[in-house]
Amino acid sequence: MTAQHSHNRSDADDGRTHEHPQIRVDDVSKIYQSESGPVEALADVNFDVGHGEFVSIVGPSGSGKSTVFRIIAGLEAATEGAVLVDGDPVTEPGPDRGMVFQDDALFPWRTVAGNVAYGLEEVGPPEGFTTEERVDYCLELVGLTDKADAYPRELSGGQRQRVGIARALAVDPPILLMDEPFGSVDARTKTSLHRELLDIWMETEKTICFVTHDIEEAVYLSDRIVVFSTAPGTVLDVISVDLPRPRDRTGDEFTEIKADVLAYFEDEE
């Protein structure tokens, strides 16, 4: 693992030097058809994610966080509006967006190395790497070099999520989309994964869009936090987290930002 950096990248690299934000969610609405009639999941959602930025989406259960994640990923379409990546409309999944889910979704019949290699078999390794070299690099990045030949059933929950992150990074996508990836691990493991994810982010300079219902997690990780309302989900606020890293979860400023985000949940209730 690389050493943790003690600065906030959002001041230096928030997308203002680029023609387009890396991700733009532009007036996105989503309506599902159900047996009892239409269900509005998202209503006029707007936010941007700059190049190299770490942005979290928080909101209560059922607020449409995962729905907007799936639309950004290209796994489903918006009813109205559009998602743009580097100015181009998203119409389907692509190698420019690596995805990590709460359910690690590893192939149980493949080894750890085999799981990480899966995407590389589809699109090939990044320039300058062989598939084996890229797998080795990504496993080193997540601290699992010694587990290359293990199978998912032999790993802890935290280790399986690390494999999921390595697999998403393998094809070197500029964007990492993460949907509550640490929601099913214990608090101690989650704290370790937070530190490791920030190390990976610093080393790889990816753009990360991170969905979570854990406000403390969002404040610890993010440059900015997009706060969703209850259903139908819309953006209540975008809160900047102007704190140096590594962050003190018990510090006054950290606690104040956490309270600012929490206030929106209490207002919704």
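**Entry: helix α1.** I started with helix α1 (residues 65-73), which is mostly covered, since seven of its nine residues are buried. I take buried as under 20% relative accessible area, exposed as over 50% and partly exposed as in between, with a 1.4 Å probe and protein chains only. Helices are DSSP runs of H or I with at least four residues, strands are runs of E with at least two, and both are numbered from the N terminus. The buried residues in α1 are Lys65, Thr67, Val68, Phe69, Ile71, Ile72 and Ala73.

**A note on the model.** This is a predicted model, where local features need pLDDT of at least 70, side-chain atom pairs count only at pLDDT 80 or more, and totals for chains, interfaces and linings use all residues. Residues are numbered from 1 along each chain as its sequence is written, and side-chain values use heavy atoms, with hydrogens and water left out.

**Entry: Leu177.** Next I picked Leu177, which lies in strand β7. Is Leu177 buried or exposed? Leu177 has a relative accessible area of 0%, so I wrote it down as buried. I then listed its contacts, meaning heavy atoms within 4.5 Å. Leaving aside neighbours within four places in sequence, Leu177 is in contact with Phe69, Ile72 and Ala73, and also with Ile23, Arg97, Gly98, Met99, Val100 and Cys209. Leu177 and Phe210 are 33 residues apart in sequence, yet 6.1 Å apart in space, C-alpha to C-alpha.

**Entry: cysteines.** How many disulfides does the structure hold? I found zero disulfides, a disulfide being a pair of cysteine sulfur atoms within 2.5 Å. Cys209, which touches Leu177, is buried at 1% relative accessibility. Cys138 is buried too, with a relative accessible area of 1%.

**Entry: α2 against α4.** Two packed helices are described by the angle between their axes and the distance between the axes. Axes here are lines fitted to C-alpha atoms, for helices over the stretch in contact, and angles run from 0 to 180 degrees between N-to-C directions. The axes of α2 (residues 112-123) and α4 (residues 157-169) come within 7 Å and cross at roughly 30 degrees. That makes α2 roughly parallel to α4; angles under 35 degrees count as roughly parallel, over 145 as roughly antiparallel, 65 to 115 as roughly perpendicular and the rest as oblique. Which residues make the contact? From α2 they are Val112, Asn115 and Val116, and from α4 they are Val163, Ala166 and Arg167. By class, I noted four nonpolar, one polar and one charged residues in the contact of α2 with α4. Ala, Val, Leu, Ile, Met, Phe, Trp, Tyr, Cys and Pro count as nonpolar, Asp, Glu, Lys and Arg as charged, and the others, Gly among them, as polar.

**Entry: α4 against α5.** The axes of α4 and α5 (residues 187-204) come within 11 Å and cross at roughly 20 degrees. I put α4 down as roughly parallel to α5 for that reason. Here Gly158, Arg162, Ile165 and Leu169 of α4 meet Thr189, Ser192, Leu193, Glu196 and Ile200 of α5. This contact of α4 with α5 divides into four nonpolar, three polar and two charged residues.

**Entry: Arg134 and Asp172.** I looked up Arg134 in helix α3 (residues 131-141). Arg134 is buried, at a relative accessible area of 5%. Not counting residues up to four places away in sequence, Arg134 touches Leu120, Pro126, Phe129, Leu169, Ala170 and Asp172. Asp172 sits in the loop between α4 and β7 (175-179) and is partly exposed, at 37%.

Entry: Most residues other than glycine have a negative phi, and most peptide bonds are trans. Asp172 has a positive phi of about 60 degrees although it is not a glycine. Ala105, in the loop between β6 (97-101) and α2, has a positive phi of about 55 degrees and is not a glycine either. Where did I find cis peptide bonds? One joins Ala231 and Pro232, with omega about -5 degrees, and another joins Arg245 and Pro246, with omega also about -5 degrees. Pro232 is in the loop between β9 (224-228) and β10 (235-240), and Pro246 is in the loop between β10 and α7 (252-268).
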